[in-house]
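Here are my notes on the aromatic contacts. Please read them with the model open.

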Amino acid sequence: MTLAATTPPETSPEDSGRQRKRGAELERAIKDATIAELACGGYGNVTIESVAARAQTGKASIYRRWPTKQELVLDALDALLSGPLLSTEELPLDDTISTRDALLSLVQRVSALMMGPGGEAMRSIMGESLRDAAFCAVFECDFFDPRKQAVIRLLERGVRRGEVRPDAASGLVPEMLAGTLLHRIVIRRRPINEDELVELVDGLLMPAISPR
């Protein structure tokens, strides 16, 4: 008796996408999917399953890299807010860049990110921090504190350049900066334009830190 040859099942576009993604491309897709899930449903509704489905990968690929949802979410946020002064690994600033220009560039990039899906993701994380003290502690330690220290190092650079008072290179300035942007964009859900960002730096930050 002759057995009929079996035809292998067709590969769906989703399966094909899963097969193609590897390494850095896969990690980027997973992090992007995490931010999208945060923006759409909030932290409480994010699951490894939902992230895997959106990233078109398997749950095992996620668990190999991030053992918990919390670690995945924080790493995705860290990747979203990457770049000079936004990540724990800053790029060196050219000597021609003043403290004022560096601060303006910083608020421009942060506000642009917050007015996109990153703002919705941040809103979700802030809500979870209010509900869960343990999560809040991890979020402060792993996410906010490194960026706060990065801004302090920028201010210390300004002190050496004669652009910032020594007593102004403290944690108060980055908290004032973050609080202003978070309140305007994340809490009130109001965009901020370029003129207002310039006013924030020139009218609030620089007078507060410049040598008297």
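1. First, a term. A residue counts as partly exposed when its relative accessible area falls between the buried range, under 20%, and the exposed range, over 50%. Phe144 has a relative accessible area of 23%, so Phe144 is partly exposed. Bear in mind that this is a predicted model.

2. How many aromatic pairs does the structure hold? There are five. One of them joins Tyr43 and Phe135. Their centres are 4.8 Å apart, with 55 degrees between the planes, and the pair is tilted.

3. What does the pair of Tyr43 and Phe135 tie together? Tyr43 sits in the loop between α2 (23-41) and α3 (48-55). Phe135 belongs to helix α8 (residues 133-160). The pair therefore links parts 92 residues apart in sequence.

4. Next, Phe143 and Phe144. Their ring centres lie 5.5 Å apart, and the planes meet at 80 degrees. An angle over 60 counts as edge-to-face, so that is the class of this pair. Phe143 is buried, at 2% relative accessible area, whereas Phe144 is partly exposed.

5. Which residues make up the cluster? Ring pairs connect Tyr43, Phe135, Phe139, Phe143 and Phe144.

6. Charges also sit over rings here. The charged end of Lys69 is over the ring of Tyr43, 4.1 Å from its centre. Arg147 lies over the face of Phe143, at 4.2 Å from the ring centre. Tyr43 and Phe143 both belong to the cluster.

Conventions
Residues are numbered from 1 along each chain as its sequence is written. This is a predicted model: local features need pLDDT of at least 70, side-chain atom pairs count only at pLDDT 80 or more; totals for chains, interfaces and linings use all residues. Side-chain values use heavy atoms; hydrogens and water are left out. Rings of Phe, Tyr and Trp (its six-membered ring) pair if their centres lie within 6.5 Å; planes under 30 degrees apart count as stacked, over 60 as edge-to-face and the rest as tilted. Helices (H or I, at least four residues) and strands (E, at least two) are DSSP runs, numbered from the N terminus. Buried means under 20% relative accessible area, exposed over 50%, partly exposed in between (1.4 Å probe, protein chains only). A charge sits over a ring if NZ of Lys or CZ of Arg is within 6 Å of the ring centre and within 35 degrees of the ring normal.
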